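The sequence and the structure are shown below.

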Amino acid sequence: MARFKKRSVLPIYAIALVWIIFTLVHPLYRASDYVSVILLSAVVFIVAKGIFPTIEYELPDPQPEEDASAGEEPPSHESTQQEDAQEDQNPEKEEKSSTGDPKIDALIQEKDRALGEMRRLNDAIEDPVISQRIDQLEQATGKIIDQVLTHPEKLPQIRKFMNYYLPTTLKILNAYDRMGAAGVSGENIDGTMEKIEAMMDTIVMAFHKQLDALFRDEAMDIASDITVMENLLAQEGLIPPDQPDRP
């Protein structure tokens, strides 16, 4: 048990009241006036102290937090390792970084999803030619999206690529995977798979052209810089006029 004391503040208030009343009735002009009011204050303080004494009381000691958890066993090292392993196996629980731009965040997520799907299809499809084309598509897709992530102002240029060409390509490859896994031969299956195989070169070429188109503005700027430099070099006599020094 802890013992506490609570002193009353009323004696202090009583002294203040004495000074107020005394100065109103008998202004303090002489030293004897101050002595009188001090003696009167002391008497009032003693009387008020007797009327309102100091109160003592006891309270139980607060229970330490350690005691509350004393009955609980600490988690074992083995259970901690199991929890860590479960967290590692659930990447969805990990916080994903955000750029602050919803469109760019969505583009990053779509890139991860598309490239992951291409890798899965590449592992599932045994045809070496199709596998090689998927490798080319994966590289081109990653470079296209990385270029836009570096230059977000180019996002409108790949809108059709992201909304149609990329998902349709994945749809076609998924159909090829399912038909190949069926393990049977037939007019519909064989004909469709042959069309997809013939289409893959065209799709790869289209992806490469999409990547090349993202550098159109940069190529025009570089070409303009080259033209200006050639003209300046010619004016300074550093290269013959009308015969720029080209590699």
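In this predicted model, helix α6 meets helix α8 through Ile130, Arg133, Gln136, Leu137, Ala140, Thr141, Lys143 and Ile144 on the α6 side. The partners contributed by α8 are Glu197, Met200, Asp201, Ile203, Val204, Phe207, His208, Gln210 and Leu211. By class, the residues of this contact comprise nine nonpolar, four polar and four charged.

**Geometry of the α6 and α8 pair**

Helix α6 covers residues 128-150 and helix α8 covers residues 187-213. Their axes come within 9 Å and cross at roughly 20°. At that angle α6 is roughly parallel to α8, because angles under 35 degrees count as such. The crossing of the two helices is left-handed.

**Overall architecture**

The protein contains nine helices and two strands. Read from the N terminus, the order of its elements is β-α-α-β-α-α-α-α-α-α-α. Of the 247 residues in the protein, 24% are buried. When contacts between residues at least 6 apart in sequence are considered, 67% of them join residues at least 24 apart.

Helix α7 spans residues 159-182, and its axis comes within 10 Å of that of α8, with a crossing angle of roughly 150°. Angles over 145 degrees count as roughly antiparallel, and α7 and α8 are therefore roughly antiparallel to each other. Their crossing is left-handed. On the α7 side the contact is made by Phe161, Tyr165, Leu166, Thr169, Ile172, Leu173, Tyr176, Met179, Gly180 and Ala182. On the α8 side it is made by Ile189, Thr192, Met193, Ile196, Glu197, Met200, Ile203, Phe207 and Gln210. The residues of the contact of α7 with α8 fall into 14 nonpolar, four polar and one charged.

Helices α6 and α7 pack at an angle of about 160°, and their axes are 13 Å apart. This angle makes α6 roughly antiparallel to α7. The crossing of α6 with α7 is left-handed. From α6, the contact draws on Ile130, Ile134, Leu137, Thr141, Ile144 and Ile145. From α7, it draws on Phe161, Met162, Leu166, Thr169, Leu173 and Tyr176. These residues comprise 10 nonpolar, two polar and no charged.

**Individual residues**

| Residue | Relative accessibility | Class |
|---|---|---|
| Ile134 | 0% | buried |
| Thr169 | 4% | buried |
| Lys111 | 16% | buried |
| Glu126 | 77% | exposed |

Ile134 lies in helix α6. Leaving out residues up to four places away in sequence, Ile134 touches Met118, Leu121, Asn122, Ile125 and Leu173. Ile134 counts as buried because its relative accessible area of 0% is under the 20% limit.

Thr169 belongs to helix α7. Apart from its neighbours within four places in sequence, Thr169 is in contact with Leu137, Ile203 and Phe207. Leu137 is among the α6 residues that meet α8, while Ile203 and Phe207 are among the α8 residues in the contact with α7.

Which residues does Lys111 contact, leaving aside its neighbours within four places in sequence? They are Gly142, Ile145 and Asp146. Lys111 itself lies in helix α5, which runs over residues 102-124. With a relative accessibility of 16%, Lys111 counts as buried, because the limit for that class is 20%.

Glu126 is located in the loop between α5 and α6. Glu126 counts as exposed because its relative accessibility of 77% is over 50%. Although Glu126 and Asp177 are 51 residues apart in sequence, their C-alpha atoms are 9.1 Å apart in space.

Note on methods
Residues numbered from 1 in each chain as written. Predicted model: local features only at pLDDT ≥ 70, side-chain atom pairs only at ≥ 80, totals over all residues. Heavy atoms only, no water. Helix = DSSP H or I, 4+ residues; strand = E, 2+ residues; numbered from the N terminus. Buried < 20%, exposed > 50% of the residue type's maximum accessible area, 1.4 Å probe, protein only. Contact = heavy atoms within 4.5 Å. Axes fitted to C-alpha atoms, helices over the stretch in contact; angles between N-to-C directions. Parallel < 35°, antiparallel > 145°, perpendicular 65-115°, else oblique. Left-handed = near helix turned anticlockwise from the far one by under 90°. Nonpolar A, V, L, I, M, F, W, Y, C, P; charged D, E, K, R; others polar.
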